[in-house]
Amino acid sequence: MSSQSKRREMDVMKLMMNDYVVEPINDVLNEFIVGFHGPKESLYEGGVWKIRVELPDAYPYKSPSIRFVNKILHPNVDETSGSVCLDVINQSWSPMFDLLNIFEVFLPQLLLYPNPSHPLNRDAASLMMKDRKQYDQKVKEFCELYAKKENIMKPTAGEETDDNEDVTEEETYSSEDEID
C-alpha cells in the first residue's frame, strides 16, 4: 500500500473518529459523502449538508475537490454545481492539511465569513451586499428547505437509488442512520 493510500485511509478514519458520517461512493475511498453541520451561532446553524469529497490520486500533495450536494445559499458556493470557492483548498493547499481541517476549520470559516467580493453565486453576493436582512432570511429559508437533518443522508435529485430510479426533491425515504 502506497503512502498516499495510507494517508487517504488515515484521513477518512480521522473524520469518522470525530463523529462525521462518511458514505463511500466507491471501494477505493477516493470519492465519498460527508455529513456536515452548519457552524454554531451562524445563519447555517441547524442545517446539515452532504459534502461530496473527491480525492485525486496525488492526495495529499494535490487538494481534494469539495462540493455541496444539497442546496445552500452562499456567495462563495456555486448555486448549480455546489463547488466551493476557498483559497486554502483551491490555491494554497498543503500536504500538512487533512480532511479534518476542511470540515473543522475551512468550511465553518467559509460559512461564518462569506466573501461577496469574489462570488461564485453572484445573486447571493448581490443580495448580501444590498439587503443583509433579506439575505439572512433567505439563507435560513434555504436551510429549512434543503438542509434538514432528517433528510440529509437520503438520496437527492440526480442521485440514483438502489433500484435506479431518480428521486425528486419532493420524495423522501426513511433512514435509520441520521446524523446527530
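Tutor: Buried means under 20% relative accessible area, exposed means over 50%, and partly exposed lies in between (1.4 Å probe, protein chains only). Both Tyr20 and Phe103 are buried. The model is predicted: local features need pLDDT of at least 70, side-chain atom pairs count only at pLDDT 80 or more, and totals for chains, interfaces and linings use all residues. Residues are numbered from 1 along each chain as its sequence is written, and side-chain values use heavy atoms, leaving out hydrogens and water.

Student: Why is Cys85 called partly exposed?

Tutor: Its relative accessible area is 26%. That value lies between the limits of 20% and 50%, so the term is partly exposed. Cys85 is found in the loop between strand S4 (65–68) and helix H2 (87–90); helices (H or I, at least four residues) and strands (E, at least two) are DSSP runs, numbered from the N terminus. An unreviewed UniProt entry lists Cys85 under "active site", and such annotations may be inferred rather than shown by experiment.

Student: Why is Ala124 called buried?

Tutor: Ala124 has a relative accessible area of 2%, which is under 20%, so it is buried. Ala124 sits in helix H4 (residues 122–130). Not counting residues up to four places away in sequence, Ala124 touches Leu73, His74, Pro75 and Tyr135 (contact: heavy atoms within 4.5 Å). The C-alpha atoms of Ala124 and Tyr135 are separated by 7.3 Å.

Student: How do you know that strand S2 is largely enclosed by the rest of the structure?

Tutor: S2 covers residues 31–37, and five of these seven residues are buried, so the strand is largely enclosed.

Student: How do you know that S1 and S2 pair?

Tutor: Two strands pair if DSSP finds at least two bridges between them. Strand S1 (residues 22–24) and S2 have three bridges, so they pair, in the antiparallel sense. One of the residues involved is Val22, whose bridge partner in S2 is Val34. S2 is also joined to strand S3 (residues 48–54) by seven bridges, again antiparallel, with Gly35 opposite Lys50 in S3.

Student: How many aromatic pairs does a search of the whole structure find?

Tutor: Eight. Tyr20 and Phe103 form a tilted one, 5.6 Å centre to centre with 55° between the planes.

Student: What makes the pair of Tyr20 and Phe103 tilted?

Tutor: Rings of Phe, Tyr and Trp (its six-membered ring) pair if their centres lie within 6.5 Å; planes under 30 degrees apart are stacked, over 60 edge-to-face, and the rest tilted. The 5.6 Å is within the limit and 55° falls between the two angles, so this pair is tilted.
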